[in-house]
Amino acid sequence: MASRREQAGLPKGAEMRVLVLNLLREIATPVNRKLIGDAVATRLGLTEEQLAIREPGPRRGGPDNPRSYVSWISEYTCNDLKHIGVCEQPAPSFYQLTEEGWAISTEEVESRNRERNRRYRLQRQRADGSTLSDRQSGGGDSDEEPVPGWRQELLEQLKSMTPSAFERLSKSLLLAAGFHDVQVTGGSGDGGIDGIGIYRPEGLISFRTAFQCKRYQGSVGPSVIRDFRGSFIGRADRGLIVTTGYFTQASAEEAVRPGAQHIDLIDGDDLCQHLKQHKLGVSIETRTEEYVSLNHKFFDQLEASQ
């Protein structure tokens, strides 16, 4: 039976990394993660049927999971490149090449990726005593789905929460981030406002901020931004939307539309990073290990010397 990757018409890991690397070089500016997925689909000439294949998740392929598999794998590949120093994120949801990324060879990309996978396996073996295959290391050349990392596991946990529990989590995050007097109002007929808090940076001025919590599987469209803004006009200075999904480019533009009250956006990736930063729902263990690997270029140069 064909794997999900094969059904979606996507190449294996190494070829996918080369494809995304070349696309980032061609675009040459910070690119939204949705646009890189669109660029991959266009370059490969994917059909509507292939684009209709859904990303893996707790409800695989369900109607509440609208994100395409090609979009998911494209972002996963960007993160692969980020972890080995080839690209970076100048802003949430955007990717661009590092200085190394412009000059690095595909052979060096795969060498770094193999070393990263080896370290991953060693860490997991030390953590649970098990032996993981190359396929399970994530980001390898297998045509199977990558094993989700901690962010994916955390997102799946967040998506499985009840609405009230997710609202309480958002309150805890805002308090940890420096908000005061945070009150959850969800379920009390507040027209889309799940809570209100006071943010006072540096103790100088304060902003009354309304927030909305959405456990989405896929994208949050601009209509959500507009509806939420209408619900807090006259009641708050600005808004904040926290979601487990992601915002479209149109949503991001609507959130900062000139002349309208500003709305800050926290998508699924940003939410995971904030929870990690404030150690909410995650445990962090820092380990110092020595990893030794062969420098094959050194030996090749010796063989080539006269």
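Colleague: Which elements do the buried residues of α9 pack against?

Modeller: This is a predicted model, in which local features need pLDDT of at least 70, side-chain atom pairs count only at pLDDT 80 or more, and totals for chains, interfaces and linings use all residues. Residues are numbered from 1 along each chain as its sequence is written, and side-chain values use heavy atoms, with hydrogens and water left out. Helices (H or I, at least four residues) and strands (E, at least two) are DSSP runs, numbered from the N terminus. The buried residues of α9 pack against α8 (150-159), β4 (179-184), β6 (207-214), β8 (238-243) and α12 (268-277).

Colleague: Which residues of α9 are buried?

Modeller: Buried means under 20% relative accessible area, exposed over 50%, and partly exposed in between (1.4 Å probe, protein chains only). In α9 the buried residues are Ala165, Phe166, Glu167, Leu169, Ser170, Leu173 and Leu174. Across the chain, buried residues make up 43% of the 306 residues.

Colleague: How many residues does α9 have, and what span is expected?

Modeller: The expected span of a helix is 1.5 Å times one less than its number of residues. Helix α9 covers residues 163-176, which is 14 residues, and its first and last C-alpha atoms are 20 Å apart, close to the expected 20 Å. Gly178 follows α9 and has a positive phi, near 110°.

Colleague: At what angle do α9 and α12 pack?

Modeller: Axes are lines fitted to C-alpha atoms, for helices over the stretch in contact, and angles run from 0 to 180 degrees between N-to-C directions. Angles under 35 degrees count as roughly parallel, over 145 as roughly antiparallel, 65 to 115 as roughly perpendicular and the rest as oblique. The angle between α9 and α12 is about 55°, and their axes are 11 Å apart. α9 is therefore oblique to α12.

Colleague: Which residues make that contact?

Modeller: Contact means heavy atoms within 4.5 Å. From α9 come Phe166, Leu169 and Leu173, and from α12 come Leu271, His274 and Leu275. For classes, Ala, Val, Leu, Ile, Met, Phe, Trp, Tyr, Cys and Pro count as nonpolar, Asp, Glu, Lys and Arg as charged, and the others, Gly among them, as polar. The contact of α9 with α12 has five nonpolar residues, one polar and no charged.

Colleague: At what angle do α8 and α12 cross?

Modeller: The axes of α8 and α12 cross at roughly 100° and come within 10 Å, so these helices are roughly perpendicular to each other. On the α8 side the contact is made by Trp150, Arg151, Leu154, Leu155 and Leu158, and on the α12 side by residues including Gly268, Asp269, Leu271 and Lys276. By class, this contact of α8 with α12 has seven nonpolar, two polar and three charged residues.

Colleague: Is Thr209 buried or exposed?

Modeller: Thr209, in strand β6, has a relative accessibility of 5% and so counts as buried. Leaving aside neighbours within four places in sequence, Thr209 is in contact with residues including Phe179, Ile196, Tyr199, Arg238 and Leu240.

Colleague: Where is Ile104 placed?

Modeller: Ile104 is in the loop between α6 (99-103) and α7 (106-128). Its relative accessible area is 9%, so Ile104 is buried. Beyond neighbours within four places in sequence, Ile104 is in contact with Leu21, Arg25, Val86, Val109 and Arg112.
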